[in-house]
Amino acid sequence: MAYSDKVVDHYNNPRNVGSMDKADPNVGTGMVGAPECGDVMKLQIKVNPATHIIEDAKFKTFGCGSAIASSSLATEWLKGKAVDEALEIKNTDIVNELALPPVKIHCSVLAEDAIKAAISDYKAKAITETAVTA
Amino acid sequence: MQYFEVLGLAPRLTLDLKDLEKRFYAKSRELHPDRFARAPQAEQQRALELSSLLNDAYRTLREPVARAEYVLKNSGFDIGEQRSKDVPAELLEEVFELNMALEEADRPQIEAAGVRFEKLRAEIDQELATRFGQWDHAAESGTLAQIRGLLNRRRYIENLLRDVNVHLSN
C-alpha cells in the first residue's frame, strides 16, 4: 500500500511531538488506542482559560504511519482553535486531507477520539477548578 | 460456527490438536477432488468450496489466539469493532509507558524488556487457557468479554515484542 505524500511528510517531519504536564489544570490529555493494530495515541491540548483558545497541542503516537500522520495533523489543526470549534473536527476531514485509504480510516477515528478525550479531560478539570475556587 | 461445523465439532475454545489434525485429514480425504472426478459439476463445485472452507477452518482453529478471535467475532466481540473507549485506560497507560521506555532504552535494557514482555505474554496465555476452559464449561458472554480484554492486552504485548526484535536486529 502506498502512503500519500502528505502522510509521508507528517511521518518524516511530525509536528508538535512531545508532552505537557498532565497535572496542569489548563492541559487536557487524551489517551486512546486501537488493539486491532496495537496503536497507542496520546494527544494533549493547552487551553487559555480566559479565551478558551487552544494555545498549544502535543502528541506522541506509537503506531503506523497513518496513525502518526493523523495525530500530527490533528495537533496542527487544534492550535488556535476555540475548544468548541475543535470538537467539530471530524475524522472524515483527516481522511480527506491525508487521502487515507479505506483500511486506514480507523487511524483517523483514533485521532478524532483523542481530540474528544483531551477536550473532555480539560473540561472535567475546569469544572473541578471552578468548584474549588468557588 | 461454520469452522467448527465443517470439522464436526461443537464450538469450543479448548481443543485437542491431535484430534483436530485427524479430523482435518479425514475430511480432506472425503472432499478430495479425485473422488468427485465423475460427479456432476455442481457436486464438484460444492466439494471444492467445502474443502477451501475446511482449510481456512483448520488454519484458524489450530492456533488458540486465532480460534478465540474467531469465536469472539461470531459472538459480537469482533476486534475491529471496538472503539477506544472499550480499551481500559490503565492498559493504554501501561503500553504507552512501555513504548516510551523502549524508545529510550539501550541494548541491554531492550534485551531485558524482551524477556519481561515474553513473561507477560506467557502469563496472559495461562490466564487465557483458564478462561477458555471456563467458557467451554458455561458459554457466558461475560467470560468472552474478559477474553476480549486479555487478547487486546496480548496484541499490545506482541507489538512490543516485535519492536524489541526490530531494535535488536538493527
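Mentor: Welcome! In this predicted model, Ala34(A) stands opposite Asp39(A) in β2(A).

Trainee: What makes β1(A) and β2(A) a strand pair?

Mentor: At least two bridges are needed for pairing. Strand β1 (residues 27-34) and strand β2 (residues 39-48) of chain A share 8 bridges, in the antiparallel sense, so they count as paired.

Trainee: And what lies between β1(A) and β2(A) in the hairpin?

Mentor: There are 4 residues between them, and Gly38(A) in that turn has a positive phi of about 80°.

Trainee: Why is β1(A) called mostly covered?

Mentor: Being buried takes 20 or more other C-beta atoms within 10 Å. In β1(A), 8 of its 8 residues are buried, so the strand is called mostly covered.

Trainee: How do you know that both faces of β1(A) are covered?

Mentor: In a regular strand the side chains alternate between the two faces of the sheet. Here Val27(A), Thr29(A), Met31(A) and Gly33(A) lie on one side, with Gly28(A), Gly30(A), Val32(A) and Ala34(A) on the other, and all of them are buried.

Trainee: Over to chain B: why is Ala139(B) called partly exposed?

Mentor: Ala139(B) has 14 C-beta neighbours inside 10 Å. Buried needs 20 or more and exposed 12 or fewer, so Ala139(B) falls in between and counts as partly exposed.

Trainee: Where is Ala139(B) found?

Mentor: Look in the loop between α6 (107-137) and α7 (141-169) of chain B. Ala139(B) is 128 residues from Pro11(B) in sequence, yet their C-alpha atoms are 9.8 Å apart.

Trainee: How is chain B divided?

Mentor: Into domain 1 (2-62) and domain 2 (80-169), with C-alpha centres 32 Å apart.

Methods: Residues numbered from 1 in each chain as written. Chains lettered and ligands numbered in written order. Predicted model: local features only at pLDDT ≥ 70, side-chain atom pairs only at ≥ 80, totals over all residues. Helix = DSSP H or I, 4+ residues; strand = E, 2+ residues; numbered from the N terminus. Domains from an automatic or database assignment.
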